[in-house]
Amino acid sequence: MRGNAMRLVAADVRMVARDPLLMLMPFVPFLAAGALRFFLPLLSAFVDKATGFRIMEYADLARVVITLFPGMFYGMVAGFLLLDDRDDGVSAYWGATPVGRSGYLAARLGLFSVAAFAAGLAVGPVLGLGRIGAAGTLGTAALGAAQVPFIALFLAAFAANKVEGLSILKALSGLDMAPIAIYLSLPIRAVGWPFPQYWAAELALGRNAPPVVALVLGVMTSVLWTVILAARYRRRVD
Amino acid sequence: MITVEGLRFTYPKARSEAVRGIDFKVSPGEVFGFLGPSGAGKSTTQKILLGSLRGYAGSAMVAGVEAARADAGYRALVGAAFEFPCFYQKLTGIENLSLFASFYPGPKDDARALLERLGLADAADRRVAEYSKGMKVRLNLARAVQHRPRILFLDEPTSGLDPANARIVRDIVRERAADGVAVFLTTHDMAAADAVCDRVAFIVDGMIAACDAPSALKRRYGRRAVVVDRAPAAGVEAAAVGDGTGAGQREFGFDGLADNAEFLAELRKPGLLGIRTLDSSLDSIFLALTGKELA
């Protein structure tokens, strides 16, 4: 079983390496973190001077958002691979092999989720701003990794093609801003509740809910979205 | 190897059944052709047999396993080539074959030797995205057979192939059957089915209209007669030679043929071109039975 997964993972790595756009995606969170590390303090000073608003007071939130970033980008890569496979008929073909469609899907989503988790842990130090603690970092990286199936399945279930996929991604990228909702008052704050990204921020920053509750709700919303989107994706492939 | 009894299937939200109570068997070593027009129920039946569609009524047993309970062990016995070849476009032909083969237990064919036989040796290390349709069709067959399955599901295996490559594909199918593999072949192509199938079933509107060996069907629905073709004598118009069956042709019924003096006399005349039976083609039988063209 593990051998099967590793062979599928190796094939995915090879395909990503042969696509310049997909090859770039895994590094985007690190590039963004590096850029923010340099520009955010400069921007904060400028805005502070002009308006009195201190962006750097929200550095912890920036750290949460940047920790969630790999999940978004690795999910994009997985989603575009799924989209290609769906259109080429490869997804359906796996159903006629010993791997089965579920095994194929689990291996692909598992690979990119694990990679997103590792990248989520690594990207915070690249940003170098804000502090969210070890437990908060682990939890945020885990909920960030849970975005991989969400983004990938959403793309493969709803996008008719890659161009449409890019449009959908633009809309979905707003989800990484869901953590901002923790600073809003009810009932507007509730807009963030259905999304794991919101609970990642609550988990890391503990503003409105205890971390344990945030973790449980984050996992629950992640699983729920994955189940719903996986069912939609299966119908699309059939 | 495959036993289907009273098989029925209706897609969710569909008003009518896609498959309406079909029965057939495919034995080890047999090439069974499943022929019918688009929408007749061929692909649905194949999906059921492959374990991809559940919720059917009746029974579809493959290698002693009910298809609805297909698991990894079941699928390891099966090789499939879908109508539209599907591969990882960014991987080479040989990388695709190696990847898919790696999930099957037991001995396998040498992938490069298989590609060479199918005329793809030079393309083995090229990405599949660069393959033509015909090359993908051949690669499709290579993937289906390389792990030496006991049951082969082939959908339009000669579609888009030139005659020489189509022949190679047919030879490989026949060889696998000779090794005891049960082959379930779905096609529109009556000529291909005639050339390679031991038995064929005509499926129309989800029902099997006829099922038998191609030769038996052709005899059953053909005319019991032979035609003698003769070149016209020098200086004589072709139309003057015949007896109403066409220029240079005479038709004789099977009954009493060995003692038919006119027939024997016709054979002795100069300019004999050939003798042929008046079997029906599978196309014409299909049309006669179903009133539908196989397009």
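Chain B of this predicted model holds an open sheet of six strands, ordered 6-7-8-3-9-10, with mixed pairing. Strand 6 (78-81) and strand 10 (207-212) of chain B stand at the edges, and each has a single partner strand, so one side of each has no neighbour in the sheet. From one strand to the next, the twist averages 15°.

- As background, strands of a sheet pair through backbone hydrogen bonds, and they can do so either parallel or antiparallel.
- Look for strand 3 (residues 31-35) and strand 9 (residues 199-204) of chain B: these two run parallel and are joined by four bridges.
- Which residue of strand 9 of chain B is the bridge partner of B:Phe32? The partner is B:Arg199.

**The largest pocket**

- A handy idea to start with: rolling a probe the size of a water molecule over the atoms shows where empty space is left.
- In chain A, helix 4 (59-88), helix 5 (90-94) and helix 11 (211-237) each supply at least two residues of the lining, and so does helix 1 (42-49) of chain B.
- Sorted by class, the lining of the largest pocket has nine charged, eight nonpolar and five polar residues.

**The second largest pocket**

- The volume of the second largest pocket is about 320 Å³.
- Among the residues that line the second largest pocket are A:Leu36, A:Phe53, A:Tyr58, A:Val65, A:Met177 and A:Tyr183.
- Helix 3 (28-51) and helix 4 of chain A are the elements that give two or more residues to this lining.
- Helix 4 of chain A provides the largest share of the lining, with four residues.
- How many nonpolar, polar and charged residues does the lining of the second largest pocket have? There are twelve nonpolar residues, no polar ones and no charged ones.

**Salt bridges**

- In general, side chains of opposite charge can pair when their charged atoms come close.
- Over all chains, the structure holds 26 salt bridges.
- One of these links the side chains of B:Glu17 and B:Arg8, at 2.8 Å from N to O.
- B:Glu17 is partly exposed, with a relative accessible area of 28%, and B:Arg8 is partly exposed too, at 37%.
- B:Glu130 and B:Arg126 also form a salt bridge, with their closest N and O atoms 3.6 Å apart.
- B:Arg126 counts as partly exposed, at 33% relative accessibility.

- B:Glu262 and B:Arg250 form a salt bridge in which the closest N and O atoms are 2.5 Å apart.
- B:Glu262 sits in helix 10 (residues 261-268) of chain B and B:Arg250 in strand 12 (residues 249-253) of chain B, so the pair ties together parts that are twelve residues apart in sequence.
- Is B:Arg250 buried or exposed? B:Arg250 counts as buried, because its relative accessibility is 18% and buried means under 20%.
- B:Glu262, at 46% relative accessibility, counts as partly exposed.
- Salt bridges that share partners join B:Glu262 and B:Arg250 with B:Arg230, B:Glu266 and B:Lys269 into one network.

Notes:
Residues are numbered from 1 along each chain as its sequence is written. Chains are lettered from A and ligands numbered from 1 in the order in which they are written. This is a predicted model: local features need pLDDT of at least 70, side-chain atom pairs count only at pLDDT 80 or more; totals for chains, interfaces and linings use all residues. Side-chain values use heavy atoms; hydrogens and water are left out. A salt bridge is a side-chain nitrogen of Lys or Arg within 4 Å of a carboxyl oxygen of Asp or Glu. Buried means under 20% relative accessible area, exposed over 50%, partly exposed in between (1.4 Å probe, protein chains only). Ala, Val, Leu, Ile, Met, Phe, Trp, Tyr, Cys and Pro count as nonpolar, Asp, Glu, Lys and Arg as charged, and the others, Gly among them, as polar. On a 1 Å grid over the protein atoms alone, a cavity is a set of points where a 1.4 Å probe fits but cannot get out, and a pocket is an open set with protein on both sides within 12 Å along at least five of seven lines; lining residues have an atom within 4 Å of a point. Grid points are joined across faces, edges and corners, and a volume is the space filled by probe spheres set on the points. Two strands pair if DSSP finds at least two bridges between them. Axes are lines fitted to C-alpha atoms, for helices over the stretch in contact, and angles run from 0 to 180 degrees between N-to-C directions.
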